[in-house]
Amino acid sequence: MGVRSKRSWPLVVILLVLILPGCTARAAPIEITWTTESEVNTAGFNVFRSTSRDGEYTQINTALIPSQADPVLGGKYAYKDEQVEPGQTYYYKLEEVETTGGRTKYNEIVEATAQSPGLLGLSTAVWWGLAAVLVLVAVGLWWRGRRAHA
């Protein structure tokens, strides 16, 4: 038993060093969705983002998000904003671009906070909990090994 506990402790430290930094390295993308009732003369859409509700909004899509095929029925759209930081709140606005070149910026603002997906999709809190359990198991094995040799 004593030999196993001596080998377990470095394993726990290695796991913590490898796993925990990856838990908050990047945020999960924010998906912006919208629907239209009709799209007569609509060429497509642009998505704008700001870090404050009343701040300056910057276009984040590199190419026009094209209008869907049926202009009478409208469509459903989704855009993933992958350039986000964990814990940061973002504000989004939509712009419609017409085939004639006209543009309509909509006043509705969508607010979203970027979340960290964590390693394997688990939250940082879950990984900290697992790390705590691993540390407790390692300490228990170490203590058990010490008592066995006493």
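Reading the core and the pocket

Reply: In this predicted model, the largest nonpolar core holds 16 residues, among which Ile30, Trp34, Val47, Ile65, Tyr79, Val84 and Tyr92 touch the most other members. The elements that each give two or more residues to this core are strand S1 (30-35), strand S2 (42-50), strand S5 (76-81) and strand S6 (89-98).

Me: Which residues does Trp34 touch, leaving aside those up to four places away in sequence?

Reply: With those sequence neighbours set aside, Trp34 touches Phe45, Val47, Ile65, Gly75, Lys76, Tyr77, Ala78, Tyr79 and Leu94. For the chain as a whole, residues 24 or more positions apart account for 67% of the contacts with a separation of 6 or more.

Me: In what order do the elements of the chain run from the N terminus on?

Reply: The order is α-β-β-β-β-β-β-β-β-α, which comes to 2 helices and 8 strands. Of the 150 residues in the chain, 31% are buried.

Me: How should I read the largest pocket, and which residues lie nearest its centre?

Reply: Rolling a probe the size of a water molecule over the atoms shows where empty space is left. Here the largest pocket contains about 350 Å³ of space, and of the 21 residues that line it, Thr33, Trp34, Leu94, Tyr106 and Glu108 lie nearest its centre.

Me: Which element gives the most to the lining of the largest pocket, and how is the lining divided by class?

Reply: S1 gives the most, with 6 residues, while S1, S2, S6 and strand S8 (110-113) are the elements that give two or more. By class, the lining of the largest pocket comprises 10 nonpolar, 5 polar and 6 charged residues.

Key:
Residues are numbered from 1 along each chain as its sequence is written. This is a predicted model: local features need pLDDT of at least 70, side-chain atom pairs count only at pLDDT 80 or more; totals for chains, interfaces and linings use all residues. Side-chain values use heavy atoms; hydrogens and water are left out. Helices (H or I, at least four residues) and strands (E, at least two) are DSSP runs, numbered from the N terminus. Buried means under 20% relative accessible area, exposed over 50%, partly exposed in between (1.4 Å probe, protein chains only). Contact means heavy atoms within 4.5 Å. A nonpolar core is a set of buried Ala, Val, Leu, Ile, Met, Phe, Trp, Tyr and Cys residues joined through side-chain atoms within 4.5 Å. On a 1 Å grid over the protein atoms alone, a cavity is a set of points where a 1.4 Å probe fits but cannot get out, and a pocket is an open set with protein on both sides within 12 Å along at least five of seven lines; lining residues have an atom within 4 Å of a point. Grid points are joined across faces, edges and corners, and a volume is the space filled by probe spheres set on the points. Ala, Val, Leu, Ile, Met, Phe, Trp, Tyr, Cys and Pro count as nonpolar, Asp, Glu, Lys and Arg as charged, and the others, Gly among them, as polar.
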